[in-house]
Amino acid sequence: MKILLVDDHALVLEGLKHFLASQGIEVVGTARNSIEALMQYEILQPDVVLMDIQMVGCDGIQATRMIKKDYPDAKIIMLTAFEDEENLLAAFQAGAEGYLLKTMEPESFLRQLTGMNTGESPIAPHLVKQLLHKFIQYKENTKLHTLSGKNLTDRQQEVLQLLTQGLTYREIAIQLKLKEATVKYHIKELLTKFGLSNRTQLITYTLRNDLVKRK
């Protein structure tokens with residue numbers, strides 16, 4: 001995994017760079033603002049961009065929009081100290097693939113980040129409920145067709161239940177005593193059924209339409 005780090009604090013950049021390198025993750029470049037981020041992305045073509053939200057001038061959400069406009073397939077994860085609902089929703093509307101917090105434990109952060117290698121969208125587990133709450137408030141036009149939980153198999157219900165609790169594919173597999181590949185298969189089937197493209201959309205859609213019982 002090749003990562004581009006974007007943050008306007010030099011010490012944060014250096015700290016993250018050394019931490020990721022110690023875990024075998026390559027940091028191919030750093031940027032201190034949105035313009036640098038776009039230029040670096042064009043040159044380096046990283047697998048993932050870790051983007052801070054609060055930056056002087058053009059913030060991380062605006063920078064995300066800029067990159068996604070020219071590179072729709074860019075994978076951008078917000079990495080910030082702020083977990084308010086406005087930023088959370090705005091990040092996903094801008095095209096972010098995930099939302100992680102600088103206050104997370106290193107093990108949890110790495111687990112979420114490396115989950116991208118298996119198709120997961122990183123999001124700090126306790127932010128799932130906040131994301132749901134904001135999506136419920138937000139009135140958007142959607143072309144997604146609503147399906148009842150009755151259309152799901154028992155196994156799909158179980159997988160969705162655990163997914164909405166913030167568990168990774170591996171953790172779901174362990175809890176349900178399945179192979180991780182089987183969990184991925186069920187997730188893929190659910191994404192196809194609902195016309196969705198990633199884990200974060202599946203979580204919010206599941207909760208929004210009451211497809212599983214909330215805990």
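At the start of α2 (34–44), a side-chain oxygen of asparagine 33 comes to within 3.2 Å of the backbone nitrogen of isoleucine 35, where helices are DSSP runs (H or I) of at least four residues and strands are runs (E) of at least two, numbered from the N terminus. The model is predicted, so that local features need pLDDT of at least 70 and side-chain atom pairs count only at pLDDT 80 or more, whereas totals for chains, interfaces and linings use all residues. Residues are numbered from 1 along each chain as its sequence is written, and side-chain values use heavy atoms, with hydrogens and water left out.

Within α2, Ser34, Ala37, Leu38 and Tyr41 are buried (under 20% relative accessible area; exposed, over 50%; partly exposed, in between; 1.4 Å probe, protein chains only). These residues cover an arc of only 95° around the axis and therefore lie on the same side of α2, the arc being that of the directions from the helix axis to the C-beta atoms. The buried residues of α2 pack against β1 (2–6), β2 (26–31), β3 and α3 (60–70).

Just after α2, glutamine 45 takes a positive phi of about 50°. Glutamine 45 is found in the loop between α2 and β3 (48–51) and is partly exposed, at 41% relative accessibility. A positive phi of about 60° occurs at lysine 177, which is not a glycine. Lysine 177 lies in the loop between α8 (169–176) and α9 (180–194) and is exposed, with a relative accessible area of 76%.

Note on methods:
Contact = heavy atoms within 4.5 Å. Polar contact = N/O pair within 3.5 Å; in protein donor to acceptor, adjacent residues only side chain to side chain.
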